[in-house]
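Here is a short briefing for someone meeting this structure for the first time. Look it over, then read the points below.

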Amino acid sequence: MLDFDFLCGRETPSVAGIINPGAEGFQKLFFGQEEIAIPVHSTIEAACAAHPTADVFINFASFRSAAASSKLALKQPTIRVVAIIAEGVPESDTKELISYARSNNKVVIGPATVGGIQAGAFKIGDTAGTIDNIIQCKLYRPGSVGFVSKSGGMSNELYNTIARVTDGIYEGIAIGGDVFPGSTLSDHVLRFNNIPQIKMIVVLGELGGRDEYSLVEALKSGKISKPVCAWVSGTCARLFKSEVQFGHAGAKSGGEMESAQAKNQALKDAGAVVPTSFESFEASIKETYEKLAEEGKITPVKEITPPQIPEDLNSAIKSGKVRAPTHIISTISDDRGEEPCYAGVPMSTIVEKGMGVGDVISLLWFKRSLPRYCTQFIEICIMLCADHGPCVSGAHNTIVTARAGKDLVSSLVSGLLTIGPRFGGAVDDAARYFKDAYDRKLSPYEFVESMKKKGIRVPGIGHRIKRGDNRDKRVELLQLFARTHFPSTKYMEYAVEVETYTLSKANNLVMNVDGAIGTLFLDLLAGSGMFTKQEIDEIVNIGYLNGLFVLARSIGLIGHTFDQKRLKQPLYRHPWEDVLYTK
């Protein structure tokens with residue numbers, strides 16, 4: 001509809017607003033090259049109040065709710081026309097709508113209509129088909145012909161026919177193929193007769209019902225002064241031995257009077273131009289038009305060139321007409337196919353092969369399937385770092401936030417925000433500094449003393465509680481696993497040598513879990529043979545190891561959130577006696 005508006009040269013869209021029950025806001029749509037925002041309203045009343053000049057209501061609702069919403073629209077003082085697209089609206093509901101509309105001087109088009117079109121102005125519904133068809137039928141500017149049909153599909157055919165042999169249509173309506181249409185053929189023909197721009201009228205009826213006879217009576221009584229070319233389709237029905245139901249609910253002959261032959265004859269007798277067959281309908285329209293042109297009653301419309309409708313980007317890309325740069329690159333996952341893939345591995349394969357969390361991390365983080373000992377080590381790190389009690393800063397923040405009544409995500413994030421150089425982030429630093437020292441072949445003495453001169457504590461060394469004679473059990477477990485499964489543990493063994501030197505200085509300068517994970521991850525990367533030296537440097541510099549700690553600790557922080565919620569703990573307030581008040 002908006003593309004048609006633009007094609008016709010409208011400066012503003014014909015669509016004032018959209019009604020979507022339960023939704024409000026705006027919907028972005030294109031009006032030519034310009035992107036516009038059409039208001040979205042949750043109720044019919046709100047839409048009518050916001051757009052008092054909009055007088056046509058197009059109902060795209062299903063047959064289940066079309067009648068009720070159409071009735072509500074008809075009750076709005078600003079609405080004059082209601083077009084009902086749905087097929088299958090109960091006939092009793094349709095009759096009630098028709099009665100209400102007529103008694104209130106309003107018009108119902110449909111049900112089962114594709115809508116209508118005023119050439120060069122606007123269109124309602126899906127009528128007239130594609131933009132290419134609209135241009136071929138010259139609907140972007142008004143002609144001299146008024147057209148009305150029961151069939152929406154056949155109206156598209158006749159738009160094309162009329163455009164070939166006349167200067168085109170001024171207005172076209174498909175009233176719908178139900179047994180009880182909201183407006184009749186004669187309703188629109190009589191209306192066309194009063195529109196000065198319309199010089200001739202084309203009518204396409206069909207077998208079934210008696211609507212065409214009201215048109216016959218109007219012709220006989222002289223209410224219609226303009227030439228009418230008419231054809232009632234369905235003459236082939238007599239070729240069948242039994243009664244035939246055609247596409248529309250109303251296209252079913254209920255007796256001789258409702259047959260296509262009888263109605264065609266009645267229209268012809270009343271003065272309409274009726275051909276001998278549908279094939280000759282075009283010739284009849286052409287002859288009528290040319291006669292009016294010769295008599296000077298029609299001045300053929302001067303042809304214009306319509307503006308070019310910009311092609312949508314997606315269709316242009318598919319047709320190979322344009323190349324559009326992307327804005328985001330993803331090399332780790334793809335959900336466009338039948339199932340999501342992690343680094344090219346389908347989800348079903350991950351499940352069928354019994355892959356674990358470590359395998360998923362190796363695919364999403366490293367874009368390759370690492371050996372089982374590598375993924376098992378990753379899983380052990382996650383398990384060992386999942387939580388470290390309620391007193392560490394991350395858990396404390398999470399607990400306080402949860403007790404303040406905040407949601408899971410807020411509580412989790414408040415804890416994660418404490419992760420940094422002093423808490424968790426030391427894993428990355430341990431890997432960086434130990435790798436640099438080992439690769440430069442520094443002795444433990446040279447490494448530690450050089451760090452001391454720079455005023456930097458050796459990351460991965462030192463613990464608040466653990467001592468040389470009371471080592472961190474997690475560190476021992478990681479070292480045991482690595483010595484058993486890793487092809488090489490050169491970085492870890494170097495860290496052990498550094499620990500021996502630092503313990504000679506102080507009993508608490510023991511290797512902690514950050515140092516163990518950091519150096520062992522270096523051994524994993526270097527010993528697996530699956531990473532180049534450049535890739536290892538990049539992984540360390542980007543901060544993959546910190547990511548492992550963040551992932552692991554999220555498990556514990558989520559647990560603390562649930563724990564506080566389950567225990568229904570009140571808002572936390574720090575005790576006065578634990579604060580030093582001083583001037």
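This is a predicted model: local features need pLDDT of at least 70, side-chain atom pairs count only at pLDDT 80 or more; totals for chains, interfaces and linings use all residues.

Residues are numbered from 1 along each chain as its sequence is written, and side-chain values use heavy atoms, with hydrogens and water left out.

**Largest pocket**

- The largest pocket has a volume of about 1300 Å³.
- A pocket here is an open set of points on a 1 Å grid over the protein atoms alone, where a 1.4 Å probe fits, with protein on both sides within 12 Å along at least five of seven lines.
- Its volume is the space filled by probe spheres set on the points, which are joined across faces, edges and corners.
- The lining of the largest pocket counts 36 residues; a lining residue has an atom within 4 Å of a point.
- Nearest the centre of the largest pocket lie Arg 422, Ile 461, Gly 462, His 463 and Asn 512.
- Four helices each supply at least two lining residues: α17 (426–439), α18 (444–454), α21 (513–527) and α23 (544–566).
- Helices (H or I, at least four residues) and strands (E, at least two) are DSSP runs, numbered from the N terminus.
- By type, the lining of the largest pocket has 16 nonpolar, nine polar and 11 charged residues.
- Ala, Val, Leu, Ile, Met, Phe, Trp, Tyr, Cys and Pro count as nonpolar, Asp, Glu, Lys and Arg as charged, and the others, Gly among them, as polar.

**Second largest pocket**

- The second largest pocket has a volume of about 900 Å³.
- It is lined by 32 residues, and Gly 17, Ile 18, Val 56, Phe 57 and Ile 58 are the closest to its centre.
- Two or more lining residues come from each of β1 (18–19), β2 (25–31), α2 (44–50), β4 (56–59) and β8 (122–125).
- β4 gives the largest share of this lining, four residues.
- The lining of the second largest pocket holds 21 nonpolar, nine polar and two charged residues.

- β4 and β5 pair in the parallel sense over four bridges; pairing takes at least two DSSP bridges between two strands.
- Val 56 has Val 81 in β5 as its bridge partner.
- Between β4 and β5 the chain passes through helix α3 (residues 66–74), in a right-handed β-α-β crossover.
- Right-handed means that, with the strands pointing away from the viewer, the path from the first strand over the helix to the second runs clockwise.
- β5 also runs parallel to β6 (residues 107–109), joined by three bridges.
- Buried means under 20% relative accessible area, exposed over 50%, and partly exposed in between (1.4 Å probe, protein chains only).

**Helix α9**

- In α9 (residues 260–269), the buried residues include Ala 260, Ala 262 and Leu 267.
- β11 (200–206), α8 (211–220) and β12 (228–233) are among what covers the buried residues of α9.

**Thr 184**

- Thr 184 sits in the loop between β10 (169–174) and α7 (185–193).
- Thr 184 is buried, with a relative accessible area of 14%.
- Leaving aside neighbours within four places in sequence, Thr 184 is in contact (heavy atoms within 4.5 Å) with Arg 102, Ile 175 and Asp 211.
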